[in-house]
Amino acid sequence: MNVQYRDQPVAEATNASKLMTADGDIHPGRNGPKDMAPFLAQRWQDHLATYGSRLRQAYQKGPAYPKSQPYASRRDSYPPEGGRPGSSLGFMRTQLLDPNNCVLGILNATGDNGQAFQNREFGAAMCHAMNEWLIAEWTSKEPRLKASLVVPFEDTQAAVAEIERYAGNPNFVQVLMLNRTAEPPGQKRYWPIYEAAARAKLPIGVHAFGFGGFPVTGSGWPSYYIEDMVGHAQSCQAFLTSFVIEGVFERIPATKLVLIESGFGWVPSLAWRLDKIWRRLRDETPHLKRLPSEYIREHVWLTTQPMEEPATRDHVLDTIDWIGWDRLLFATDYPHWDYDDPAHILPMPVPEAKRRDFFLGNALRLYGQPDAAAT
Amino acid sequence: MGFAHSGGIDCDLHPAVPSIKALHPYLSDHWREASIIRGMDDMESIAYPINSPLSARPDWRPDKGKPGSDLEMMRAQALGPFGTRLGICNPLYGVQLLFSEDMAAGFARAVNDWLVAEWLDQEPRLRGSIVVPMQNPEFAVEEIERRAGDRRFVQVLMLVMGDLPLGKRHYWPIYEAAQRHNLPVGIHAGSQYRHPVTPLGWPSYYTEDYAAQSYAFQAALTSLICEGVFSKFPALKVVLLESGFTWLPAHLWRLEKFWKGLRMEIPWVDRAPTDIVRDHVRLTLQPVDGPPDATGMAKLIEHMQSDELLLFSTDYPHWQFDGDAALPDGLSTELIRKIMRDNPLATYPRLQESVP
């Protein structure tokens with residue numbers, strides 16, 4: 001969703017649409033449980049049919065905060081041949097990959113994907129099914145697409161096993177988590193997952209949403225979907241704070257953390273705040289050797305959607321300067337309603353090299369795909 | 001040497017209740033007796049561990065007793081050095097954390113009586129915030145009614161994390177009473193600890209607890225705006241106390257963008273969040289979680305898009321800055337004047353009665 005446009009055509013904006021892009025957040029759609037059947041043991045298919053997926057939320061189906069659109073999707077994203085938004089590879093090619101000149105698209109299979117099922121054994125089975133489905137239906141058919149590995153992160157052992165099973169598999173370029181974990185994600189019980197990701201040389205991608213079970217604010221459950229959406233930035237601040245203060249980056253130095261769909265405008269303020277607090281309280285965390293902002297600068301990437309759009313649009317350039325132009329990864333969030341269009345998200349004059357990194361280069365380097373732009 | 005901007009208004013001072021015993025003279029017979037025979041402990045919140053470096057500047061820490069518990073020290077360390085014309089006392093004694101609504105009402109009343117007798121009556125530069133039992137809005141309103149006649153009480157005090165998001169209708173009677181008496185609602189860092197301070201559960205370290213206050217303020221502001229508090233109470237002012245302020249621009253970018261996309265869900269929010277904040281919300285200066293350089297700070301101030309939002313505070317005795325560096329580099333002389341004096345006076349109508 002881009003709510004602002006410049007009145008006059010801007011040369012750079014025209015160029016942007018012609019640039020090759022990497023898309024850090026694409027959501028492949030499923031048409032229902034039947035899509036998973038080939039990859040799920042009969043026992044779990046029966047379980048799903050009888051008991052449902054049982055997330056840590058109230059309803060059997062659908063989100064606790066009703067979305068603004070069916071499937072939270074663009075009204076024009078229903079495939080012409082039928083099916084749900086995002087479920088057709090052919091239509092994804094014609095509606096997204098081709099017009100955006102996308103050479104690398106990262107598939108994040110979020111939603112009812114097993115990561116936060118109350119029944120963790122079932123959750124692990126569903127995550128594995130998701131990964132097999134991602135290969136069979138998507139990455140094996142379209143070389144521009146790579147997937148995030150869906151891991152049952154609340155079951156440490158099973159998550160590690162899933163990472164080890166796919167380590168080195170070229171279909172997967174990062175490990176996927178959700179930002180609402182059941183405990184602060186920097187805590188010890190999650191470390192083996194990050195160690196396994198580091199061994200497999202995979203970044204950890206953390207997408208908005210999740211079902212940790214706790215209220216999404218420190219003051220209880222808000223009323224509205226808009227609060228849930230805006231709140232991802234706060235959940236992500238808590239996520240990153242936990243990672244930094246527990247010392248994940250210090251203990252597992254190869255960790256690369258990618259924060260997906262939670263904005264990036266909040267990062268500088270949080271980094272300054274953590275530095276200030278840590279200077280006061282550092283005797284509490286002797287395992288930290290450097291300023292929190294230094295860990296963040298070195299280990300954290302962020303996807304751009306939903307793009308920050310201040311009233312004075314150029315203010316966002318200050319923010320990106322503070323974060324680092326090498327840390328932002330363009331993303332569309334296709335097919336969701338708040339999709340960002342590469343032709344409109346960066347209408348300000350930006351030097352060509354920075355623009356190229358923002359839309360393409362940072363992602364190619366992070367995900368180890370230097371040849372993608374050559375195809 | 002010396003603070004160059006005297007005559008200002010310090011909007012966040014923390015006088016400490018020395019001990020639960022210090023409240024005995026102000027408690028009803030019932031609650032005094034309960035406190036004694038039940039052996040009730042001191043009610044200091046885990047939000048500010050007394051010995052934590054953040055809870056008191058090293059040179060502001062007394063040899064014995066709690067930081068902030070001595071009026072003479074506050075005079076010598078805060079009111080004097082900063083040339084403070086008026087200072088607003090925000091007691092953080094943990095009465096809002098009690099589970100019993102009746103006990104909370106009894107202790108909130110005692111804290112307010114204590115503040116009057118031991119601080120406001122003793123020092124003409126001091127003003128107070130009304131501590132309310134936010135556990136029960138009906139009792140909170142009663143406490144507001146009890147204090148509103150004393151013009152030295154200049155705002156209603158709440159904590160940023162309660163049982164429910166602060167915009168919920170549950171709390172509206174408090175906002176109605178505050179508006180009726182022309183009292184801003186001050187929302188201070190801290191929690192009733194009904195929920196983990198992060199959306200991801202209880203953190204391991206106090207460092208994280210304090211960091212989490214700023215995201216709690218973001219969520220509280222979202223809630224106040226989205227629930228329509230400022231549509232319902234158009235004269236209400238809210239002051240975010242010890243919230244940090246550098247998160248505000250980016251938070252408003254995000255909230256305003258989603259409002260443009262989702263306002264059909266909250267049609268009573270008929271103005272842009274940035275405009276609502278400009279008319280209704282203020283933030284105290286400390287802590288300054290800002291860029292280390294003056295140029296960066298100047299940019300950030302520009303991102304705030306208004307010079308009326310910030311109110312001077314030292315956050316005494318909390319350790320937010322050293323020496324007399326209460327103002328960050330990068331502020332213009334004009335902005336400093338507004339922060340020190342004009343903005344607080346515009347925010348707190350009752351202060352205008354003391355300042356010609």
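How much area is buried between chain B and chain A? About 5900 Å², with carbon and sulfur atoms giving 62% of that. Buried area here is the accessible area, with a 1.4 Å probe, that two parts lose on being put together, summed over both. In chain B, the residues that lose the most area to chain A are B:L200, B:R254 and B:K257, together 15% of what that side buries. Counted by contacts, meaning heavy atoms within 4.5 Å, 72 residues of chain B touch 71 residues of chain A.

Some conventions before I go on. This is a predicted model, where local features need pLDDT of at least 70 and side-chain atom pairs count only at pLDDT 80 or more, while totals for chains, interfaces and linings use all residues. Residues are numbered from 1 along each chain as its sequence is written, chains are lettered from A and ligands numbered from 1 in the order in which they are written, and side-chain values use heavy atoms, with hydrogens and water left out.

Now chain A. It has 12 helices and 8 strands; these are DSSP runs, helices being H or I with at least four residues and strands E with at least two, numbered from the N terminus. The C-alpha trace of chain A spans about 60 × 55 × 45 Å along its principal axes. Of its 375 residues, 65% are buried, where buried means under 20% relative accessible area, exposed over 50%, and partly exposed in between, with a 1.4 Å probe and protein chains only. Among the contacts in chain A with a separation of 6 or more, 80% join residues 24 or more positions apart.

Where does A:N101 lie? In the loop between helix 3 (89–97) and strand 2 (102–107) of chain A. A:N101 has 31% relative accessibility, so it counts as partly exposed. Its C-alpha atom is separated by 5.0 Å from that of A:M20, which is 81 residues away along the chain.

Chain B next. Chain B has 12 helices and 8 strands, and its C-alpha trace spans about 55 × 50 × 45 Å along the principal axes. Buried residues account for 66% of the 356 in chain B. For contacts in chain B with a separation of 6 or more, the share from residues 24 or more positions apart is 81%.

That is the overview; questions are welcome.
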